[in-house]
Amino acid sequence: MTSAASLVLDPAELSKIADPESVGTDIYKKVIKDLNRIRGSNQNIRYAYILRKTEDSNNLAFVADADSLDPTAIFDLNGDGIINDSDALNTPGDIYDITDLDYLRTTAFLEPVVDPELTQDQWGTFLSAYAPIRGASGTATEFLGLDIDVSDYARIKNLALIPYAFFVAFLLLILVTQTVTLVRIWGNRVDELQLIDRQKDEVLGIVAHQLAKPITAIRWDLESLLDGDLGALNAEQKTEAETMKAQAIGLADLVSMILDVSRVQLGRIQLDPKPLNLNDLFKEMLDVIKPTIAEKNINFVKKMPESLPTVLLDKRYTRMTIENLLTNAVKYTPAGGTVTLDLKIENDVMSCQVTDTGCGIPQDDQAKIFGKMYRASNVVNTVDGNGFGLYVAKGAVEGQGGTIGFESTEGKGTTFFFTLPMKKPDAIGHNEGKMV
Ligand code: ADP
């Protein structure tokens, strides 16, 4: 194409076609004829035209095109069905903006180039190709542009693509069907697993409930034995009975914890808010953990009002929550560490915070720590536990309209905190304390 462009078109002649004044001159007519001959050489060439460099590298100037041969020719150039001024043919010197067409700025003046994309308009699909028109010095300031009609090629290519398109659509259909089926199967499976999990919790609840009765009976029998109701016991028998009683109490606590786990899981926590003297409650709880605190030489710091009110709360769940946080703090803190209980009662809300200097909870375990039976990796094989306590505590606090959370750094310590909204005991007969 380079040679064709340079052989047919003479740069010396082209240089004389600079502005609209050139139209109709002999040189202009000759160049148009040359362009028309080029277009006539191949019926697929739709347009043949020449563009020239300007001082502004983002603009090219129109020189001539094959259709300019007949200055009176009537074309509906914009294809709107109306022939008016907007269909005017280009005249020499008209500007083409090529800001976004790098290859026309440089390459088209050095070697033949082709538009990277086909152009589609109302007349069909075409490919534009350009070839430099070199002067005697070998350099080019104009290039020849040819728009080649490739509508047939595009149509055939599209036709050839139809079977592939059908195949891809078929594959997509299979894929969608499979996905929908899998989602359904998976959904059913999840439903089944949830049902099984629920049934398991129901069974767990029933078993725990059945175990609770005989364990309580054993406990009472042991107490009556220790009280000497069946005759005086010697020292050895007394020690054995004490050990059995301690184990029966541990078993009873475990069974009642399992019952609570199944209640939380099934959403069946039954709260029984009654007037609760917080002074008594805290004394009872601190008495329970006192021996372990002493045994581990824990520095126990208590920050709470001197006198606490009597409020309406469920005693069992409130005690279980606070006791769990306190026993955990003592359990997961090494001997000689510090545990701080910080209790505030303001605006009918109890805010409790238990801080320790213990082993902490690893970052990776923190999101799951309130989960059923979840135990952190740093204690699971070294400290006894079952992972029920926090699960029930969360259920109990949230069941009473409160919030619970924690902050922890592994190796440094942990702070658990919760809030519980409280009501004043009703005026009829339950005024053992007052709200602070
Ligand atoms: P348990 O203590 O019987 O394992 P919990 O439900 O009370 O069960 O606690 C769940 C887990 O949370 C514990 O196993 C432990 O990994 C972590 N944890 C709770 N409290 C503390 C604490 N104060 N310090 C460090 N880890 C704790």
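# Briefing: a protein chain and its ligand

The protein chain holds 10 helices and 14 strands, where helices (H or I, at least four residues) and strands (E, at least two) are DSSP runs numbered from the N terminus. Its radius of gyration, taken over C-alpha atoms, is 46 Å, well over the 22 Å that the globule rule gives for 436 residues, so the chain is more spread out than a compact globule. That rule is 2.2 Å times the number of residues to the power 0.38. This is a predicted model, in which local features need pLDDT of at least 70 and side-chain atom pairs count only at pLDDT 80 or more, while totals for chains, interfaces and linings use all residues. Residues are numbered from 1 along each chain as its sequence is written, and side-chain values use heavy atoms, without hydrogens and water.

**Overall dimensions**
- The C-alpha trace of the protein chain spans about 140 × 50 × 50 Å along its principal axes.

**Shell around the ligand**
- Around the ligand are 22 residues, each with a heavy atom within 4 Å of it.
- Asn-328, Tyr-332, Asp-356, Arg-375 and Leu-390 come nearest.
- Helix H8 (315-331), helix H10 (389-399) and strand E14 (413-421) each supply at least two residues of this shell.
- H8 gives the most, with 4 residues.

- Tyr-332 places a polar side-chain atom 2.7 Å from an oxygen atom of the ligand.
- For Asn-386, a backbone N or O atom lies 2.9 Å from a ligand oxygen atom.
- A polar backbone atom of Gly-389 is 3.1 Å from an oxygen atom of the ligand.

Methods
Polar contact = N/O pair within 3.5 Å; in protein donor to acceptor, adjacent residues only side chain to side chain.
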